[in-house]
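Hi everyone, thanks for having me. Please bring up the model on the screen, and we'll walk through it together.

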Amino acid sequence: MRWLRQLLGGNRVQLDPERQQTLLRDVRHRYGARSPQRFPEQAEAIARLLDGDDGLVVAARILGEAADEAHAELQAQVHDVHRRTGRRLLLHRRNYRPLWKEAGPSLRWPLFALPSGLHPYAQVAAAAAVVGSRADRLDRVTDPTPLVTHVFEVLDLTTAGWEYGRVRVDTDAAALAERLIAAAGRVLATMDDPPRLPPAVRELMRRNNTLDVHDPAGPRVVGGFNPGARMREVLLA
């Protein structure tokens, strides 16, 4: 694996775990749903904070935590549905769409309630932007394979939430998806042996549906977003 060879070889970088912890604590507590700043402003501010290789490590960690916490929350919901109704739902991290197709009305979208306080349109969107902009540095600081898996997981949850989870497609939601798609494409481009695209992505890439994108503050439609077309453009390049 190239990332491991880089870490063990002459291109090793100097990382500061204490600074990483400080950065992570800072972006968790200063930003998110309670901040008075608009989400685009928060995402830009967080991306500026996550500079250098330590910031890139923190960005990768944010994406991993968001994916792990969302999965744990869905596990709890699936267990609760079974406890209350006897209904058994299948939950697979590589493809959340079958779960949402079957039980969307019974589920809560997990990315709005991550226990660490991360918000999809603030910290997670910023982390995706940082990873995408500095993907060429990833193999010097971390293993890109689990990272790109986490990016695809969050993207899967984002688009499934739009389609089956009653999540409103506004400019903040579309910006999150755009950054996740761009990050995935740039990470894959740096890998010697990139993994196969996950089933949810392949399913969406076969579509050509443009979704209305709304103003976050009201019902006005301000644009459109075609997830399948955007994924084809970036991931098949």
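Let's begin with glutamate 153: is this residue buried or exposed? Its relative accessibility is 5%, and since buried means under 20%, glutamate 153 counts as buried. Keep in mind that this is a predicted model.

Now, what does glutamate 153 pair with? Its side chain meets that of arginine 93 in a salt bridge, at 2.9 Å from N to O. Glutamate 153 sits in helix H8, residues 144–164, while arginine 93 is in the loop between H4 and H5. The two are 60 residues apart, so this pair links distant parts of the chain. Arginine 93 has a relative accessibility of 27%, so this residue counts as partly exposed.

Let me show you another one, between glutamate 102 and arginine 87, where the closest N and O atoms are 4.0 Å apart. Glutamate 102 belongs to helix H5, residues 97–103, and arginine 87 to the loop between helix H4 (52–85) and H5, so the pair ties together parts that are 15 residues apart in sequence. Both partners are partly exposed: glutamate 102 has 44% relative accessibility, and arginine 87 has 31%.

Next, please find arginine 220. Its salt bridge partner is aspartate 215, with 3.3 Å between the closest N and O atoms. Arginine 220 is exposed, at 54% relative accessible area, whereas aspartate 215, at 21%, is partly exposed.

Salt bridges can also join up into a group. Which residues are linked in a network here? They are Arg97, Lys101, Glu163, Glu203 and Arg207.

Let's finish with a helix. Look at H3, residues 39–49, and find its buried residues: Gln42, Ala43, Ala45 and Ile46. Why do we say that they line one face of the helix? Seen down the axis of H3, these buried residues fall within an arc of 165 degrees, so they line one face. And what do they pack against? Their partners are helix H2 (17–30), helix H6 (120–133) and helix H9 (171–190).

Then go back to glutamate 153 and follow its salt bridge to arginine 93.

How values were computed. Residues numbered from 1 in each chain as written. Predicted model: local features only at pLDDT ≥ 70, side-chain atom pairs only at ≥ 80, totals over all residues. Heavy atoms only, no water. Buried < 20%, exposed > 50% of the residue type's maximum accessible area, 1.4 Å probe, protein only. Helix = DSSP H or I, 4+ residues; strand = E, 2+ residues; numbered from the N terminus. Arc of directions from axis to C-beta. Contact = heavy atoms within 4.5 Å.
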